[in-house]
Amino acid sequence: MKKTLLTLLATAAMSATALAADIKPAIIYDLGGKFDKSFNEAAYNGAEKFKADTGIEYRDFEIANDAQREQALRRFASDGNNPIVMAGFSWSAALEKVAAEYPDTKFAIIDMVLDKPNVRSVVFKEEEGGWLAGILAGMASKSKTVSFVGGMDIPLIHKFACGYIGGAKSLGSDYKVLEAYTGTTPDAWNDPVKGGEIAKSQFDQGSDVVYHAAGGTGVGVLQAAVDAGKLGIGVDSNQNGLHPGKVLTSMVKRVDVAVYDAFMSAKDDKFQPGVNVLGLKENGVDVAMDDNNAPLITPEMKAAVDKARADIISGTVKVHDYMSDETCPY
């Protein structure tokens, strides 16, 4: 009996090892690098959590330019990495080609929908988190003028802006929201100097709270807010700790969860292709509350956010999705 039990345990251990060996997860970041303190870093944190929880190593790569996308993705697939997660919508063209060439490889792309039998598309309701950020910005503002700095001027980033505008203006028609973008090319994600200059210009126009959705550029936006004695709002990762007491909140987008779930579901042989949509109801977006911004959040502000969150989840408040018609009605 004892020998049989030991044999069974040994077989189970070998099976577990074999299963782990079959999983060779990989993640490829977007421009700006994995330590951008925003979008890419959130993706990295999800991969790190998977490694910590499972003991399974993963492979990653930081591209330096758009020309590397297809080559990097094909190299990972040909090396047997599976699943492969891509952080960012800009991977769609490369994935369109490579996913067809490697039908047995599982791919996941964040912020883009690609209809392929071996691709999971993860998208977020950024507008819902933006609405909550807009409420906090409006309630914290003394001038009733707040602002938004986007990275690349594309519909996805207008989703962030539109929700923010709607949230701020839900407090009253006399609220004003300034809006600007750092560029029309991928370089817009990694230009903190320009981000800071835009924020300063908005402060000169009366804004006293600025929200960014600009990747690495946003580091400059938040620094400009500190330098001007204004408040900043972070994005994607929780950026409250970058300038404790100076960042009002961060609109957290759980890119880390998207990466973690893609890796874990593949490990458990439960990976499903198709579209995953993550909003407030799914805990995919929210505003960050912690010790770093606690002195800035009054009980009234917290109550207003809690009510808005509940109303959005219940459907009482419907936040417009800019990408549905590329308009913002607020």
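Start by selecting N118: this residue is buried, with a relative accessible area of 8%, and buried here means anything under 20%. Keep in mind as you click around that you're looking at a predicted model.

**Stop 1: around N118**

Where along the chain are you? N118 sits in the loop between β4 (107–110) and β5 (119–124). Now show the side chain of N118 and look for backbone oxygens. How far is the backbone oxygen of A99 from a polar atom of that side chain? The distance comes out at 3.1 Å. Next, pick Y102: its backbone oxygen is also reached by the N118 side chain, at 3.1 Å.

To see who else is around, leave out residues up to four places away in sequence, then select A99, Y102, P103, T105, K106, F107, F271 and P273. N118 touches each of these.

**Stop 2: a pair of helices**

Now select residues 126–140, which is helix α5, and residues 299–314, which is helix α10. Two packed helices are described by the angle between their axes and the distance between the axes. Here the axes come within 10 Å and cross at roughly 155 degrees. Angles over 145 count as roughly antiparallel, so α5 is roughly antiparallel to α10. The crossing of α5 past α10 is right-handed.

Which residues meet? On the α5 side, show E128, W131, L132, I135, L136, M139 and A140. On the α10 side, their partners are E300, M301, A304, V305, A308, R309 and I312.

How values were computed:
Residues are numbered from 1 along each chain as its sequence is written. This is a predicted model: local features need pLDDT of at least 70, side-chain atom pairs count only at pLDDT 80 or more; totals for chains, interfaces and linings use all residues. Side-chain values use heavy atoms; hydrogens and water are left out. Axes are lines fitted to C-alpha atoms, for helices over the stretch in contact, and angles run from 0 to 180 degrees between N-to-C directions. Helices (H or I, at least four residues) and strands (E, at least two) are DSSP runs, numbered from the N terminus. Angles under 35 degrees count as roughly parallel, over 145 as roughly antiparallel, 65 to 115 as roughly perpendicular and the rest as oblique. A crossing is left-handed if the near helix is turned anticlockwise from the far one by less than a right angle, and right-handed if clockwise. Contact means heavy atoms within 4.5 Å. Buried means under 20% relative accessible area, exposed over 50%, partly exposed in between (1.4 Å probe, protein chains only). A polar contact is a pair of N or O atoms within 3.5 Å; within protein, one must be able to donate a hydrogen and the other to accept it, and residues adjacent in sequence count only if both atoms are side-chain atoms.
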